[in-house]
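Dear colleague,

Please find the structure below. My notes on it follow.

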Amino acid sequence: MSDYTPPLRDIKFVLDTTCDIDEIISYPSFAHVDKDVAFGALDEAARFFSEVVAPTNRDGDLIGSVRNDDGSVSAPDSFKKAYAQYVAAGWGAVKSPIEFGGHGFPGSVGLAILEMLTSANMAFSLCPMLTSSAILALSAHGSDEQKAIYLEKLISGEWTGTMVLSEPEAGSDVGALRTKAEPKGDGTWAITGTKIFITWGEHDMAENIVHLVLARTPGAPPGTKGISLFIVPKLIPDSAGAPADRNSLHCVSIEHKLGIHGSPTCVMAFEDATGWMIGEENAGMHYMFTMMNDARIHVGLEGIGLAERSYQQALDYANTRRQGRAVGAAKTESSLIVQHPDVRRMLMTMRAFIEGARALLFANTAAIDRSHHAPDVAARAAGEERAALLTPVSKAFATDLGVELTSIGLQVHGGMGFVEETGSAQHFRDARITPIYEGTNGIQAMDLVMRKLPLREGGVVADFLAEIGATIETTAAAGLPEISDSLAVAYADLELATDHLARLDDANDALAAATPYCRLFGLVACGHYLGRQAVVAARSADDPWMQDKVAIATFYSTQLLPQTSGLAPAVTAGAQQLFAVDLAAAGV
Ligand SMILES: Cc1cc2nc3c(=O)[nH]c(=O)nc-3n(C[C@H](O)[C@H](O)[C@H](O)COP(=O)(O)OP(=O)(O)OC[C@H]3O[C@@H](n4cnc5c(N)ncnc54)[C@H](O)[C@@H]3O)c2cc1C
């Protein structure tokens, strides 16, 4: 019996109201996609992930992936069985290119499926998630020959993909990496170096692993301008494309971690391993960004997927655990804790943030769909700009929430939340990595402030602010004054903070503002999307589910969104106070 029920109606509602999936599916690129078929696939995915994958989540935590003495890594048996069924059912193919065996669905539909996979088992989901990012990078930048050899196998899931950047001295600063690539004279390259923290870098769920590795060629310029991207397969495909000779790379060790025990985090040694360059020399960072931008939204989704599962468990517990007597309850019996306002506050906070952040992530992905497939050139450009603006916010805001909300879910359980057997603690532990990897949230916030706000001389963020302004009007016109009034106040905070940043000429002041600004931006973006949803939901006065949507958006707008005013001073304060104390000497 699964303790996870995919929130199908919520997901479809977001696809309809926030993504405008009807418009996306009407693009010529999706002429082969029928909405009923796409939504039918979501129903089937919900069944598969709740019944087949969700029950493996606990095994991942308790058994974990284990490195054997010969350097191989074994995933839990239940993972292997579930992965075989995942491949047989073709779930990895949903949004991949048709010419290589994919179904070519919009990315927004792919995201819906990935949310359910992530909630079902986050550690397991990382393997297909990284594979899908590798597919994207190879489809966009690989040669025809490389596509022919690798794409079909990756799309089917028979082979899996990894993303190999990090080294001991190169974490946030990827440009510091030292792994070498020497030409072998036959068109291939010899890759040598040690990479750390490589997710699913070695395992026994698939017959081959395709590593996409960043390395430096001889004489390459320093920093990120001198990095190239290579395909380095674990088993080198023979002329028929079948996995053959073992490449000279191996897993030296795997990390012992706070969470995601099912996902092996590998130290990988490459010793003259044979690699094939993707695209142009020294353009590797650009290609890797194709992969990382995709992965950043997926990591944001991990925050929400874990929060959703934590919420469902907390809700269930709150409706079974009795403690104390709620106001007005009979004197003879104790009340369900869900009757206490403070517990309801915790549950409402979880639900409202989950729904808001889900909308943000899906809006981000719909913008990417538009950037690739809208028939109109201007709409494609607008989609690209919007996606660029929202991606760091999606990653940082949703993963910070993942940690906060899974902590609240644990809190609803009281002492039993701290005890592992309820499973609530696992979500909290699993969520903690998400603000760290795929670019820490500090790095995301700096990306937003230093690179995204200046896009088109501030025009990109101005367009988004104008859209929020329109939501203030539509919510007011729809008779939702609590939402429109609260959104107007928060909008003013965001506008002021944005204007302030645009006028700054001291980079340290801007960098000091980055994290509170990113939070402020995320809060307002969610208020905007929830407001738009409420306008649609308010039209269905007879549908209690829709009325709940209005109630959630109202709670969010009036009780959570006002946090923006507490953040604004930290945005405008500058860096001076952060350097007022000698932190180098403090405590010594
Ligand atoms: C479980 C796990 C899985 C991972 N999977 C992969 C993977 O599959 N592939 C891969 O290549 N990597 C992977 N990573 C690596 C991950 O992406 C890095 O850990 C992350 O980018 C942070 O780098 P770091 O650990 O070196 O921290 P550091 O870069 O040392 O950062 C330490 C702190 O300093 C801050 N900081 C650093 N630089 C700056 C700056 N310029 N300005 C302001 N603040 C700064 C950071 O925000 C952070 O708070 C994984 C890591 C873990 C733990």
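A residue is near a molecule if its C-beta atom, placed from the backbone, lies within 6 Å of it. The model is predicted: local features need pLDDT of at least 70, side-chain atom pairs count only at pLDDT 80 or more, and totals for chains, interfaces and linings use all residues. Residues are numbered from 1 along each chain as its sequence is written.

Around the ligand there are 19 residues, of which Leu 165, Gly 171, Ser 172, Phe 197 and Thr 199 come nearest. This shell comprises nine nonpolar, eight polar and two charged residues (Ala, Val, Leu, Ile, Met, Phe, Trp, Tyr, Cys and Pro count as nonpolar, Asp, Glu, Lys and Arg as charged, and the others, Gly among them, as polar). At least two residues each come from β3 (159–164), β5 (189–199) and α14 (441–452); helices (H or I, at least four residues) and strands (E, at least two) are DSSP runs, numbered from the N terminus. The most is given by β5, with three residues.

Glu 207 is in the loop between β5 and β6 (208–215). Not counting residues up to four places away in sequence, Glu 207 touches Glu 158, Trp 159 and Pro 243 (in contact means C-beta atoms, placed from the backbone, within 7 Å). Between Glu 207 and Arg 325 there are 58 Å in space, C-alpha to C-alpha, and the two are 118 residues apart in sequence.

Yours sincerely

Definitions and conventions
Two residues are in contact if their C-beta atoms, placed from the backbone, lie within 7 Å.
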